[in-house]
Structure formats: C-alpha cells, structure tokens
Amino acid sequence: GKILNIPRKHLLAALIMSVAAAFIICGYEFARGPSYTLFKKAYGSENLPIAMMFMPLGMYILLYAYGRILSWLGPKRTFIFTMFLYSMIFLALYFAILGGSSVATVILFVFREAYILILIEQYWSFLNSTFSEDSAKKINGPVIGVSGIGGVLGGYMVGHYAVALGTVNMLLFAVILMLPAAVLVAFAFKYCGEPHISRDEKKEHHGYLALGLFKNSPLAFLFFVVVAAGVLSTALDLRFQGLLQIALPSTDEQTAFLGTFFAWAQGLSLFWQFILTPIALRYFSIRAIQIFIPAVHIISSITIFIFPSFMVAGVALLLFKILDYSLFRAAKEILYIPLSFDARYRTKEVIDTFAGRGAKGVISTFVFVLTKAGAATSSLYLAMSFVASISWFCLIIPMMKYYKK
C-alpha cells in the first residue's frame with residue numbers, strides 16, 4: 001500500500017530510522033561542545049589545529065574497523081555492534097578525563113569527530129538501499145528534520161545543564177542515548193528488511209572500503225566536493241572558536257554557549273528540512289541545488305573578509321551548518337540510490353566520513369605549520385574559506401555531468 005503516493009515500507013523505514021538518528025544526534029550534542037571545551041582547557045584554543053591533525057588517522061582506524069566488521073556481521077549487526085563499541089569508548093574516556101588525563105581530551109576530540117559520521121552514514125546507507133529516488137525526493141528532508149530534533153533537544157539541554165552538572169558529566173548522556181537508538185535500529189531492519197549484496201556484486205568485491213569504485217564513476221568528484229566542504233567547515237569553525245575563546249574564557253560558560261549555538265543551528269535547519277528542502281527537490285534539479293549551495297558560501301566568505309567580526313563569523317558558520325544539515329545532505333544522498341551495495345555501504349563511508357574529517361586534519365596541519373612560521377591565523381582562515389567555496393562550486397558541474405552520463 002501507499003500513503004501520499006509513497007510506499008508504506010519507505011515511510012516506515014523513514015520514521016523508525018529518523019527517530020533512531022534523533023537519539024544518536026542528541027547524544028552527539030552532549031559530546032560535541034564538551035570535546036571542544038575540555039581540550040581547550042587542557043591545551044588552549046590555539047592548539048585546536050594540532051588535535052585536528054590526528055583526525056585522518058583516527059578516521060582511518062574507525063573506517064577500516066567498520067569495513068572489516070561489515071564483512072563479518074552484515075549491515076544490521078554491524079550497526080548495533082558499533083553503537084555498543086562506541087558507548088564503551090565514551091565510558092573509558094569519561095573515566096580517564098575524570099582521572100586527570102589530558103591525552104584523553106585529545107582522543108575524545110578526534111573520536112567525537114569520527115564516530116558520529118560512521119553511525120549516521122550507516123542509517124543513510126540503509127535508507128538509500130530502501131528508498132526509490134522518487135520517495136527520497138519527497139521524504140529525505142523530513143527524515144533529516146526528525147533526526148535534527150534530537151540535535152535541538154541535545155543542544156538545549158547542554159546549554160541549560162552544563163554549568164550545573166559539569167562539562168565532563170555531559171559525556172554520560174552520549175552513552176545513555178545509544179540504547180534507545182540501538183533498539184529502534186533493530187526494529188527498522190526487522191520490519192523493512194536487511195540490504196544484501198548480490199551474487200554479481202560479490203564477484204566484483206572491491207575490498208573492505210571499496211576504494212576501487214572511485215575509478216570511472218562520479219564518486220571521485222563527490223569525494224572532492226566533500227573535501228571542499230570539510231575545508232570550508234574547518235576554516236569557519238576554527239575562526240569562530242578562536243573568537244569565542246576570547247569572548248568567553250570560562251570552560252562551562254563556553255560549553256553552555258556552544259550547546260545553545262548548535263541548538264539554534266539545528267532548530268533553524270528544521271524549517272529547511274521540513275519545508276524548503278522537499279519543495280526544492282520537487283521543483284529544482286539536483287544539479288541546480290548542488291550549484292546553489294557553494295554559491296551561498298562564496299558570498300559568506302566574501303562577507304567575512306569585508307566584515308571580520310565575531311558576529312559575522314558565527315552567522316557564516318550557522319549558515320553552513322543549516323545548509324549542510326538540510327539541503328546539501330538531502331540532495332547528496334539521492335546520488336547514492338542507483339549505485340551498488342558496496343558504493344552505498346563502503347565507498348559512501350569513505351566519502352562522507354574520511355573526506356570531510358580527513359580534510360580537517362590535513363588543513364589543520366597546514367595551518368599549524370604556517371602559524372608557527374609567523375602567518376596570521378585570521379588571514380589563513382579567510383583565504384581557506386574562499387578557496388574551498390570556489391573549488392566546491394567548480395567541482396559540481398563535472399560531477400553532475402558524469403553522474404547523468
């Protein structure tokens with residue numbers, strides 16, 4: 001049967017998985033702000049690029065482990081097992097930080113950046129294996145919206161309870177919220193089916209991360225689009241965090257402010273997710289949408305250059321987060337639907353986790369070296385944001401041409 005001309009199976013998958021993702025993202029908010037403030041308390045905001053230098057290594061370790069586990073357990077059990085594993089890592093880091101370990105704050109920062117993407121990409125791999133392209137255009141936006149509610153609630157609670165309960169205790173909520181998410185994931189696979197690799201695809205298996213699929217496909221262009229987005233995100237984030245450290249030097253107050261800031265980002269994204277994204281996907285081509293997004297960021301980068309202030313930097317980062325959480329994500333996921341199992345479950349993880357977070361690590365290394373040589377960080381961040389947004393814009397046309405072909 002169908003509801004609103006969408007198959008019931010697709011609606012059920014969307015509902016269950018989006019609520020599961022809401023719990024995951026809510027838990028992530030209890031780790032995001034604290035990971036920044038605990039690291040800055042231990043090492044200072046000027047050393048954030050050093051922590052980001054370790055992201056490619058941390059991301060590769062988790063990605064490779066994911067690929068091995070996927071081959072061993074399959075999509076359903078891999079999803080549930082990784083949630084359990086990440087909960088145990090959070091608990092270990094929590095007790096280490098309580099014990100006074102500064103190194104644990106670095107590990108937390110790197111782990112927090114990696115774990116959330118591997119979990120979120122798994123739920124999108126499931127949905128992309130379940131939806132048709134027509135269904136995805138109608139419900140990808142609302143799916144992101146429902147999951148984004150978790151981010152709003154998580155950010156709101158961090159903003160209100162970080163000072164009272166303490167920053168480090170926020171990490172416990174990231175663990176607790178994994179449980180209902182795992183239960184819902186199990187229900188989604190039970191009632192909607194588990195995606196399996198076909199016999200023909202098994203014969204052409206490309207390894208644990210399916211890197212061979214980058215050859216002769218639009219996935220290579222998509223990889224570099226995500227790299228450009230990651231560079232832009234890093235430049236905006238580092239600029240904003242530096243200015244925030246000056247404005248609010250207190251650790252708990254910073255945690256509360258970041259919780260509120262990210263709650264606003266998630267809250268404003270809801271309008272795009274539930275209203276504007278479905279309308280845009282219905283009336284505009286994926287190509288037009290993909291061109292529109294970097295064009296907006298080019299304008300933001302120019303604005304920051306002309307008006308370099310804390311407020312403008314915050315608005316630019318907020319705008320990036322809003323578009324990233326809604327229109328960009330919804331349009332990008334549609335590109336995976338007609339592709340193979342390995343493309344949806346393996347290469348996708350490399351693109352949407354390693355490309356973005358790996359770019360942060362590489363760029364952070366670049367920034368660290370140049371600042372030690374005497375370069376002004378503010379100028380570097382402005383140049384990075386402009387170059388990244390221009391590169392993103394230029395990559396879209398050949399990517400969509402290749403994809404259509």
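Mentor: Let's start with a definition: contact means heavy atoms within 4.5 Å. This is a predicted model, in which local features need pLDDT of at least 70 and side-chain atom pairs count only at pLDDT 80 or more, while totals for chains, interfaces and linings use all residues. Residues are numbered from 1 along each chain as its sequence is written, and side-chain values use heavy atoms, leaving out hydrogens and water.

Trainee: Where in the chain is confidence lowest, and where is it highest?

Mentor: Where pLDDT is low, the predicted coordinates should not be read in detail. Here pLDDT (the predictor's confidence in each residue, from 0 to 100) is lowest in helix α9 (residues 199-203), at a mean of 63, and highest in helix α4 (residues 75-98), at 96. The chain mean is 86, with 95% of residues reaching 70 or more. Helices are DSSP runs of H or I, at least four residues, numbered from the N terminus.

Trainee: How do I read the packing of α3 and α5?

Mentor: Two packed helices are described by the angle between their axes and the distance between the axes. Helix α3 (residues 55-73) and helix α5 (residues 103-130) pack at about 35°, their axes 9 Å apart. Axes are lines fitted to C-alpha atoms over the stretch in contact, and angles run from 0 to 180 degrees between N-to-C directions.

Trainee: Which residues meet there?

Mentor: From α3, M55, G58, M59, L62, L63 and Y66 meet α5 residues including F109, F111, Y115 and I118.

Conventions
Helices (H or I, at least four residues) and strands (E, at least two) are DSSP runs, numbered from the N terminus.
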